[in-house]
Amino acid sequence: MSLTQNVAISLTEEQGMLLDVARGFVRDQAPIEAVRAQLETETGYDATIWQAMVEMGWTGISLPDAVGGAGMGVGSAVPVFDALGGGLLGTPLLSTTIAGQLLWRAAGEKASDWLGRLCNGEIGTVALLDHADWGVANTGVALDTGGVLSGRKHFVADAQVADLYVVVANESGTPVLALVETSALAPGALSANVLIDLTKRAANVDFTGAKPALVVRGEAVTSALRDTLLLGALLTAAETTGAAGRCLSSITEYLKTRKQFGKLIGSYQALKHPTVDIYVGMENARSFVYHGATIVSEEALSRDAEVACRMAKVAADDAMVYAGDRAVQFHGGFGFTWECDSTLFIRRAQWAQQMYGGAIHHRKRLAALLLDDEGGG
Amino acid sequence: MVDNKAALKAFREDVAAWMAENVPADPGFLLPLTFLEVGTEQQLDFLREWQHKLWSAGYLGMHWPTEYGGQGADPAYQFVVDRELGRHNAPIIFNTIGLNWVGPLLLDMGTDEEKAKYIKKILSAEEIWCQGFSEPDHGSDLGAVQTRAVKDGDEYVVNGSKIWTTLGNYADHMILLARTNPEAERKYDGLSFFLSPMKVAGIEAHPIRKVTGEYGFNQTFFTDARIPASCLMGEEGGGWSVAMKTLEYERGVTAGQASGHWGVTIQVDDMIDELRALENDGEALLSDPIVRDDLVGFIMEAKALSLSARRMAVPALNTDYPMGLALSVKYRGTEYERRMKQYTASKQGARSALYVGDADAVRGGFWQRAYFSNFGATIGGGTTQVQANIIAEHVLGLPK
């Protein structure tokens with residue numbers, strides 16, 4: 001079977017409407033001044049904007065009706081993150097969406113109450129990383145026989161504002177998910193990370209002594225975790241692709257207006273041709289991201305879906321790292337300043353490229369999927 | 001419209017069955033990889049006969065009107081035929097300039113008389129077409145064409161020279177861009193477009209040898225060549241817009257081509273299959289982590305190209321740059337193929353150094369030859385660098 005066989009790509013009517021609405025929302029609610037106003041706040045987001053997003057149903061978009069969601073499938077979150085990335089808007093939506101996916105995939109309706117709370121605007125996040133490696137089990141936090149956790153998680157996205165933590169832990173060596181409410185954390189459990197992207201927030205969290213409100217056990221935990229990390233890669237890629245598109249516009253706008261040596265700098269091929277490659281990279285990423293949106297579902301992810309999520313992440317990272325890097329360079333001296341939006345783009349690029357695993361992580365796994373599993377597709 | 005999926009599927013089965021019976025066996029001499037490399041009479045006769053056979057069976061020009069020799073069907077049927085040609089490793093359908101550029105152009109902009117006169121013979125391979133656009137001093141800068149055509153009664157007298165004339169030494173007709181008015185205020189307004197005969201006194205095509213060692217294109221000299229004035233297509237001075245329309249067909253920006261099977265199809269799967277059989281350091285080449293990572297990159301490029309082709313049909317996913325994907329097909333596809341072929345040619349140990357004709361060469365030197373041949377795609381029809389300018393200016397709106 002051909003290595004490139006599954007090239008399904010489409011947009012449902014619902015996804016198309018979401019894309020339009022979300023882009024309009026970002027345009028109206030999140031001009032770059034509003035984004036910059038949040039860079040040095042503690043929470044990193046505007047509560048009014050978050051409330052508006054909750055009211056539009058975006059927190060429940062990927063969750064089934066049975067738990068209070070919209071039942072549109074996780075592919076429907078892709079256009080929303082594409083649009084949000086285009087605005088560089090900081091919100092806890094990615095963390096909340098991923099927490100919802102992990103909980104739903106591992107526990108189903110047993111977690112209905114908690115999932116309903118996420119749909120209604122409470123903020124969730126997955127506490128995964130024991131330290132810096134996305135490619136290991138990350139089950140170092142232990143749940144003891146008395147039902148108490150011990151251990152620390154690193155780089156927990158939006159930990160400062162989360163109401164619920166889905167902690168990846170082990171119980172006598174077996175992976176479990178422990179659902180911890182903020183009130184169960186010891187005082188001083190959080191220490192904020194200094195992130196490279198100031199539109200994002202994360203913290204190290206010490207769960208020692210915390211009693212989970214719910215423990216999810218069973219075989220579904222491992223497969224749910226695997227699928228959720230792939231979906232995290234896909235949704236991050238969607239957000240990154242949106243950001244790359246915005247970054248490209250900022251470059252082309254500058255190239256069309258800035259003059260040097262008596263000419264618009266966009267007429268110089270030394271700037272023009274790399275800009276075309278930024279464009280091509282962004283379009284590649286967009287194709288992979290919407291291919292992913294087309295083939296992921298509520299079911300366990302297929303091999304094709306796994307390939308799609310990993311390729312989307314690699315393509316989006318490549319596109320954004322190149323776009324952000326060139327954005328600084330092509331703006332010249334101004335590009336080197338804090339005032340220039342290139343600052344935001346290059347920082348987003350460096351943040352995004354590690355989330356849910358960087359290029360090495362995914363390319364290594366793609367090699368095994370594509371080259372060792374002949375006919376497996 | 002496609003009637004239904006079942007009809008298309010039945011058609012696919014018919015085509016496949018016909019091809020299993022009728023695709024010619026290896027003739028025992030080297031066949032060209034693309035239509036740009038038809039270099040011997042032996043190749044020409046073989047390919048002409050094969051195209052005629054395919055057309056006679058009703059499998060060429062599927063979506064062209066029946067009155068001009070087509071099949072009057074949906075374009076989807078042509079895609080089916082092209083795909084089956086690739087799957088059966090069929091020899092190329094070589095009259096490409098006629099089938100893919102001139103034919104669609106005439107159907108779009110030609111008079112009824114022109115359509116009746118030329119189109120059927122393009123399909124049947126009775127008449128071969130070539131293109132006279134580029135000149136020795138004006139390749140990518142087409143607007144600067146200098147070949148002169150001067151009206152003299154009911155004829156034009158043509159003087160000058162064209163270059164890279166693929167199939168020129170075998171062609172019956174040429175689409176010719178020539179300057180009829182050197183005084184025009186805009187250089188573009190002095191150009192006219194002709195459907196010129198080739199077999200007239202004063203037109204000579206001299207074959208040029210290529211980097212592959214093969215022939216296929218020519219330098220064409222016009223020395224007081226007299227062609228009928230009726231060969232003028234459109235208005236005198238209106239040649240530029242016709243030429244630009246031709247390039248849209250040539251670059252695949254606009255659909256209507258009668259056969260996509262103008263070259264041997266080489267896919268990323270072919271590359272992986274070839275490399276899978278090779279060794280390095282006494283181990284399977286595909287166990288090398290660097291090679292594996294490179295291959296992931298090639299597979300992703302191939303997949304991105306296929307996905308983009310599909311995505312073009314989803315307007316809601318192309319709102320930011322509506323023409324962008326179509327205008328970047330050539331830029332991306334031809335460069336990817338060049339690198340993919342070079343890569344495969346260079347991973348064969350000492351045998352990488354062998355070329356067509358050496359009994360030890362991997363697949364007869366197929367990859368080495370394919371790599372060199374691919375420059376026809378990255379240079380012809382507007383170089384990669386010109387394509388980058390086109391994308392920058394027409395998609396991204398950057399200044400000239």
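Predicted model: local features only at pLDDT ≥ 70, side-chain atom pairs only at ≥ 80, totals over all residues.

How many residues of chain A are in contact with chain B, and how many residues of chain B are in contact with chain A?

Analyst: In it, 35 residues of chain A are in contact with 36 residues of chain B. On the side of chain A that touches chain B, the elements that give two or more residues are α7 (220-257), α8 (269-295), α9 and α12 (359-372) of chain A. The largest share comes from α8(A), with 12 residues. Sorted by class, this side of chain A has 18 nonpolar, 13 polar and four charged residues.

One residue of chain B shows the meeting of the two chains in detail. Met300(B) is placed in helix α8 (residues 289-311) of chain B. Leaving aside neighbours within four places in sequence, Met300(B) is in contact with Met311(A), Val314(A) and Ala315(A). Met300(B) counts as buried, because 23 C-beta neighbours lie inside 10 Å. Within its own chain, Met300(B) is 32 residues along from Val268(B), and their C-alpha atoms are separated by 9.6 Å.

The helices of chain A may be taken next. Two packed helices are described by the angle between their axes and the distance between the axes. The axes of α7(A) and α9(A) come within 8 Å and cross at roughly 30°. Angles under 35 degrees count as roughly parallel, and α7(A) and α9(A) are therefore roughly parallel to each other. The crossing of α7(A) past α9(A) is left-handed. The residues of this contact divide into 20 nonpolar, five polar and five charged.

Helix α9 of chain A, which spans residues 303-330, also packs with helix α11 (residues 342-352) of chain A. Here the angle is about 150° and the axes are 8 Å apart. Angles over 145 degrees count as roughly antiparallel, and α9(A) and α11(A) are therefore roughly antiparallel to each other. This crossing, too, is left-handed. On the α9(A) side, the residues that make the contact include Met320(A), Val321(A), Gly324(A) and Val328(A), while those from α11(A) include Phe345(A), Ile346(A) and Ala349(A). By class, the contact of α9(A) with α11(A) has nine nonpolar, two polar and three charged residues.

The nonpolar core extends the picture. The largest nonpolar core has 149 residues, of which Val166(A), Val167(A), Leu177(A), Leu234(A), Val289(A) and Ala312(A) touch the most other members. Helix α7(A) gives the largest share of this core, 18 residues. A second, separate core of 69 residues includes Phe35(B), Val80(B), Leu177(B) and Phe193(B).

The axes of helix α1 (residues 13-29) and helix α4 (residues 77-87) of chain A come within 8 Å and cross at roughly 20°. Helices α1(A) and α4(A) are therefore roughly parallel to each other, and the crossing is right-handed. Among the residues that make this contact are Leu18(A), Leu19(A) and Ala22(A) of α1(A), and Val80(A), Ala83(A) and Leu84(A) of α4(A). By class, the contact has eight nonpolar, three polar and two charged residues.

Most residues other than glycine have a negative phi. Leu88(A), in the loop between α4 and α5 (93-107) of chain A, has a phi near 55°, a positive value in a residue other than glycine. Leu88(A) is buried, because 24 other C-beta atoms lie within 10 Å. Ala125(B), in the loop between α5 (112-123) and β1 (129-132) of chain B, is not a glycine, yet has a positive phi of about 70°. Ala125(B) likewise counts as buried, with 23 C-beta neighbours inside 10 Å.

By contrast, Ala47(A), which lies in helix α3 (residues 47-55) of chain A, is exposed, because 9 other C-beta atoms lie within 10 Å. From C-alpha to C-alpha, Ala47(A) and Ile98(A) are 20 Å apart in space, and they are 51 residues apart in sequence.

How values were computed. Residues numbered from 1 in each chain as written. Chains lettered and ligands numbered in written order. Axes fitted to C-alpha atoms, helices over the stretch in contact; angles between N-to-C directions. Helix = DSSP H or I, 4+ residues; strand = E, 2+ residues; numbered from the N terminus. Parallel < 35°, antiparallel > 145°, perpendicular 65-115°, else oblique. Left-handed = near helix turned anticlockwise from the far one by under 90°. Contact = placed C-beta atoms within 7 Å. Nonpolar A, V, L, I, M, F, W, Y, C, P; charged D, E, K, R; others polar. Core = buried A, V, L, I, M, F, W, Y, C linked by C-beta atoms within 7 Å. Buried ≥ 20, exposed ≤ 12 C-beta atoms within 10 Å, placed from the backbone.
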